[in-house]
Each structure stands twice: as structure tokens, then as C-alpha cells.
Amino acid sequence: PSAPRLANAAERADLLDGLGYISCYVEGAMAATAASRSGATSLKEALVRRVPEVRDVAAFRELRRQLREELGGVDALRRELFEQGFVRDDGRLTTGTTPFNVFALLASGQMQQPNMLEEQQHLGPHSCKFMVCCNRPENDEHWESDHPDWLGKASMSRRHRLLTTTNLHWQWFNTLVLGLVPAVDGGSGLAAAIDEVESLKDAALTYASRAGSWSQNVGLFFHVYGHNSVNSLHLHVLDMDALGPTGRKYAYKNCPLDAVLQVLREELVAASQPARPPPPLVAPVAAEGADQRQGQGTALLAGLDFAQDPTATLAPGRHGCRRPRDNCEDEPSQRRCHEAGMKKPAP
């Protein structure tokens, strides 16, 4: 359904607030506003503009932070996917032809690659959970081509396979949201996400070791949302000893599986830590270089901001003066009583 005007959405949010609901329309509008600040018209575009390269731990960590803290979170992303027709009301990926979501179609059995049935067995015990897929034959044939017609379209390596999951819940559609979907919406949590990625890694390496002709130099990469072309999970499995021009072209967005694992593990550890107490309102001030005789007066002086409060005064010290140094009478000899700690000269 088309989204109502923001005013109506805001009114409905107020009505539902007492029941603990959050209006998805309001959240969607807020996320769209945040995205538009960078000139983007969608979360996908905003993520690419903010993090143009995703090839390491730091970039993947920043993409997830951007989604959570700047762009409306997983609710805003689910709304974007829903409006584009990739996610159903029940949270599962759509498997129709409009939009065309190839790996969701393959996972659901509505589309088949008969030539991959034998290779599926190379997944061993993972064959019931994951599915190995291939590019078009012509893409594989042109893996060495740097011609403009094939660069970016051909397979990234002489041996290039893709591994997808048979679980069509939207929480698994891309590594960007792994472990972030709340349990109330069917999310499995960070620990389950880590298990899933570790299983994908084991399945991919098992395949490469059994398929034959693969080198020991196997690369495992994800294309994180924003930099992806298909909105269903797929792991690129590449023989790095036979990398082609398209593989080198996409190096800027080939996010290593191990980088994804590291960030997920970091987030799990952080989530298990107790909340830190808030810092004190006033930090204690140390009186460095003060001797025992002047220690108390120096600490008090350090805690006063005479620039903001010209009426502030010192507590009586050995010199008996209550005024700040700069306001201590008019004569320089009187001001020095603060510096030397001496008693004010008698009138």
C-alpha cells in the first residue's frame, strides 16, 4: 500500500504510542530525511555515499553503525525492501518475477540450475541448509575479459561459485542486518548470526576442497547492502589464484567473510557487557606542582572560572585575601600576595 502523508502517520503514532507501538510510516519518513541530507533518495544510495568502499573490518563496522544510528535502523530498511517488493508482510523474501530476486528463487525451488545438482553434493553435511549456484555460462566463459561488454558482468575468477541459504526470512537477506532484527520480528540474534556465517564458511571451503581443480587460495566475499546487486544472501567463492579483471574491478566492495565475522563477534561481546555508569558531573581537579602549604588554595583556584564569574572569590588563605588575583587591589605588590602566598602588606 502507498504510504499516507506524514501528518497522518504522526497522528496514528500518537494514538498507538500508549500501546507500545511505533509507526513504521514515521520511521520511514525519518530515515528518508536522514538519507536525503547526503543527496540520496534511498537507504541504499545513502550507504554507498557514506561508505563508498567495503573491503575490510572498519568499513563493515561503519556501515552497520550508519544503519543503526543514522539511517533509521532495520525497520527503515525493511520498509524500503517492502516498498520495492522484495519482502512480504510476513517478513519472508518474495519469490515472484517482479522484482526478480534470483537467489531467493533458487532457494525456494521455483528456479533451478540442473547442472549444479552434482556440485551440490560437494557441500557435504551443509547441502540441506545451503545451495551452491553458478553464474551464466557465458559469464564464466569470459572471466578473463576486460572488454567493456564483460567487465563487471563476467565471473570474477576462472572458478567462481555462489553460496546462498535456503532460509528466506528477511533477516538473512544480507550481512548488513545479520543479528540486528529483534526477536519480536522473528530475529535470531547475534549468536545465531555468527553460527550461520561460520557454517557458510565451512560449507564453502568444504565445496572447494571436494570440487576438484580449485587451489588452496580460496577467497570468500560478501557484497554488503548498498553495494549489492541482488537482495538475497549470496557468498562469492573465488579461486584467488585465477582472479580475472572483474574480480579486480570489484575489489573495492568485496567484503571478506572473516571481516563480517569479526564485527559480529565484537557486537556480541559489547552486548554482553554491563552498562557503564554515567561519568560524574564534575571531574576532580588535581593541583599539580602545589606544595603542602598552598595545596588547598590552588585546588580551589583551579575550580573557579573567573572569566565566567567575576564575582567569584577565594576562601581565606594564609595571605587573608578574598579577591581573585587580578582583582586584588590596584598595586602590583598586592597582586603578588596570591602568587607568593604571603600575607597582604599592612595598610
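The following exercises, each with a worked solution, concern the predicted model shown above.

Residues are numbered from 1 along each chain as its sequence is written. Because the model is predicted, local features need pLDDT of at least 70 and side-chain atom pairs count only at pLDDT 80 or more, while totals for chains, interfaces and linings use all residues; side-chain values use heavy atoms, with hydrogens and water left out.

**Exercise 1. Overall composition**

State how many helices and strands the protein has, and what percentage of its residues count as buried.

Solution. Begin with the secondary structure: the protein has 13 helices and five strands. Helices (H or I, at least four residues) and strands (E, at least two) are DSSP runs, numbered from the N terminus. Next, consider burial. Of the 347 residues, 42% count as buried. Buried means under 20% relative accessible area, exposed over 50%, and partly exposed in between, with a 1.4 Å probe and protein chains only. Finally, turn to contacts, where contact means heavy atoms within 4.5 Å. Among contacts between residues at least 6 apart in sequence, 61% join residues at least 24 apart.

**Exercise 2. The nonpolar cores**

Identify the residues that touch the most other members of the largest nonpolar core, and the helix that gives the most to this core.

Solution. A nonpolar core is a set of buried Ala, Val, Leu, Ile, Met, Phe, Trp, Tyr and Cys residues joined through side-chain atoms within 4.5 Å. In soluble globular proteins, nonpolar side chains tend to be buried together. The largest core here holds 58 residues, and L77, L163, W170 and L235 touch the most other members. Helix α9 (residues 190-211) gives the most to this core, namely nine residues. Another core, of six residues, lies apart from it and includes V102, F103, L106 and V230.

As a further step, examine W170. With neighbours within four places in sequence left aside, the contacts of W170 are V74, L77, R78, L81, V87, G91, R92, L93, V177 and V181.

**Exercise 3. Two helix pairs**

Describe how α4 packs with α11, and how α9 packs with α11.

Solution. Two packed helices are described by the angle between their axes and the distance between the axes. Axes are lines fitted to C-alpha atoms, for helices over the stretch in contact, and angles run from 0 to 180 degrees between N-to-C directions.

1. Helix α4 (residues 57-70) and helix α11 (residues 257-272) pack at an angle of about 50 degrees, and their axes are 8 Å apart. That makes α4 oblique to α11. Angles under 35 degrees count as roughly parallel, over 145 as roughly antiparallel, 65 to 115 as roughly perpendicular and the rest as oblique.
2. From α4, the residues V57, F60, R61, R64 and R68 meet A259, V260, Q262, V263, L264, E266 and E267 in α11. The residues of this contact divide into six nonpolar, one polar and five charged. Ala, Val, Leu, Ile, Met, Phe, Trp, Tyr, Cys and Pro count as nonpolar, Asp, Glu, Lys and Arg as charged, and the others, Gly among them, as polar.
3. For α9 and α11, the angle is about 160 degrees and the axes are 10 Å apart. The two helices are therefore roughly antiparallel to each other. L190, A191, A193, I194, V197, E198 and K201 of α9 make the contact with L257, D258, V260, L261, L264, R265, E267 and L268 of α11. The residues of the contact of α9 with α11 divide into ten nonpolar, no polar and five charged.

**Exercise 4. Individual residues**

Solution. 

1. A cis peptide bond, with omega about 0 degrees, joins T98 and P99.
2. Beyond neighbours within four places in sequence, Q84 is in contact with P99, Y225 and N231.
3. At 58% relative accessibility, S213 counts as exposed.
4. At 0% relative accessibility, L176 counts as buried. The C-alpha atoms of L176 and L63 are separated by 7.4 Å, although the residues are 113 apart along the chain.
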